[in-house]
Amino acid sequence: MTKARVLIAEELSPATVEALGPDFEIVHCDGANRAELLSAISDVEALLVRSATLVDAEALSAAKKLKVVARAGVGLDNVDVKAATLAGVMVVNAPTSNIVSAAELAVGLLLASARNIAPANAALHKGEWKRSKYTGVEVADKVVGVVGLGRIGVLVAQRLSAFGVRLIAYDPYVQPARAAQLGVRMVTLDELLAESDFITVHLPKTPETIGLIGEAELHKTKPTVHIVNAARGGIVDETALYQAIVDGRVAGAGIDVYSVEPCTDSPLFSLESVVATPHLGASTDEAQEKAGISVARSVRLALAGELVPDAVNVQGGNMHEDIKPLIPLAEKLGAIACALSESAIVRVAVEVRGAVVEHDVRVLELSATKGVFQNLVHDPVSFVNAPVLAEQRGVDISLTTDMLSEDHKNLLTVAITQTDGVTVCVSGTVAGARHQAKVVELNGFDIDVPMSSHMVFFRYHDRPGVVGQVGNLLGNAQINIAGMQVSRDNDGHALMVLIVDSPLAHELIDQITDDIGAHTGKAVAL
């Protein structure tokens with residue numbers, strides 16, 4: 001069996017290859033060398049990078065077999081996520097791999113700025129003993145303003161609390177009650193600028209956060225304030241910060257990130273009161289190992305066709321353990337509903353009932369959508385591009401939930417509405433310790449049939465002898481029946497569901513449909 005090829009385009013932790021395991025053929029290239037990258041990427045299914053490899057539309061176009069791009073780190077500035085999504089390529093990163101390292105560096109920059117550690121060190125290296133010149137300030141009893149109380153901001157706040165500081169924070173997405181549990185008082189940005197003795201920034205780089213702390217904001221701070229940015233370059237305006245320090249409106253700064261990187265020439269570097277590092281937030285052995293192991297695991301999941309928790313372009317929500325068995329069920333229900341449809345689709349409605357709706361079940365909507373489209377288009381359908389395919393074709397996708405499920409612990413329903421107004425509705429559940437997937441209802445017919453690779457559905461007027469006819473026709477065609485169930489409604493219609501060991505030719509389906517006078521006959525391969 002041919003192994004999937006995985007391209008590692010930059011130097012990663014040895015633990016990365018170990019975590020990938022023996023199931024893949026590992027190849028290497030210099031991702032910063034454009035020609036080498038475009039040549040190497042042509043026949044690989046996964047690409048692992050750090051920050052030096054540009055994965056843009058050109059690279060994605062050259063990668064004919066690519067299924068997943070994995071960034072061994074947090075930022076994705078070098079990956080065109082939109083282009084990857086349109087190409088059906090999953091993009092994953094390691095969002096928690098460097099949070100401890102980044103938080104520790106921010107604290108280190110804050111202390112270094114407060115105590116003039118960098119210029120004092122440089123002076124002593126030059127043989128100069130200048131104790132009085134580099135007198136600093138204590139952190140204890142000062143007000144520290146945390147801009148962005150996400151995962152890294154929380155870690156910084158927790159660590160600084162040990163120094164006996166008063167913590168305030170600005171983050172419009174954090175509830176005051178949650179902040180209070182951390183000993184943090186939420187304030188507006190203007191209040192934070194005015195009150196803080198130290199300001200540390202921990203926000204993602206977005207159109208809204210670029211220049212968040214600029215010239216106007218730096219006129220609102222105490223002249224004794226120290227500002228730390230170990231998040232993303234450009235959130236603190238570097239030119240405005242330089243001028244504020246020169247003018248005496250800011251006492252000092254600790255900077256690890258820059259609006260343009262690599263950065264080796266900045267006015268900030270000329271100021272003794274600025275301690276600067278070359279984007280070292282994730283540069284620890286531990287962070288690199290965590291990142292490599294994390295993305296390696298994600299690559300394994302992606303190439304196995306499974307959902308990946310750290311995929312940034314798959315809007316499936318977090319997967320609780322109770323949801324995981326329902327993911328393949330939703331996909332199969334979508335495939336069955338689509339196969340039984342006879343005209344173009346305008347709407348896919350996914351309904352989830354039962355205790356599982358206590359959790360985020362958006363992934364089930366996504367999985368059902370993937371199942372619907374996998375037999376409608378020639379191109380591969382993934383969890384990434386399924387919503388894109390629906391949008392391009394004008395198909396409306398919806399999800400509803402209900403705690404009440406009378407007959408099953410959890411019940412999934414996929415209803416497809418066609419252009420002629422006809423709806424095909426299929427329901428299913430999972431049962432037992434092995435999570436056996438079953439179809440339990442189809443267009444109002446109650447059934448209880450295990451999912452199988454080859455299923456056949458006939459709808460006909462109920463009359464004696466049909467089961468025997470079907471059995472004889474399949475026997476003559478050397479098709480073995482593994483299971484059969486017939487359900488009837490009150491109007492004299494019947495639904496026959498067959499599980500067979502091998503696929504049925506279209507000609508055989510048509511023959512059976514004609515011989516038993518069926519309204520419809522459909523084979524479904526799962």
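1. Helix α12 lies across β13 (345-354), β15 (410-418), β16 and β17. Contact here means heavy atoms within 4.5 Å. The helix runs at about 30 degrees to β15. Axes are lines fitted to C-alpha atoms, for helices over the stretch in contact, and angles run from 0 to 180 degrees between N-to-C directions. Helices (H or I, at least four residues) and strands (E, at least two) are DSSP runs, numbered from the N terminus.

2. This is a predicted model: local features need pLDDT of at least 70, side-chain atom pairs count only at pLDDT 80 or more, and totals for chains, interfaces and linings use all residues. Residues are numbered from 1 along each chain as its sequence is written, and side-chain values use heavy atoms, without hydrogens or water.

3. Is α12 mostly covered or mostly open? Mostly covered: 11 of its 14 residues are buried (under 20% relative accessible area, 1.4 Å probe, protein chains only; exposed is over 50%, partly exposed in between). Among them are Leu326, Glu331, Gly334 and Cys338.

4. The length of α12 (residues 326-339) agrees with expectation, because 14 residues at 1.5 Å a residue should span 20 Å, and its end C-alpha atoms are 20 Å apart. The expected span is 1.5 Å times one less than the number of residues.

5. The sheet is open, with six strands ordered β14-β13-β15-β16-β17-β18 and mixed pairing. Its edge strands, β14 (396-402) and β18 (445-450), each pair on one side only. Two strands pair if DSSP finds at least two bridges between them.

6. Strands β16 (residues 423-431) and β17 (residues 436-442) run antiparallel, joined by six bridges. Alanine 431 has glutamine 436 in β17 as its bridge partner.
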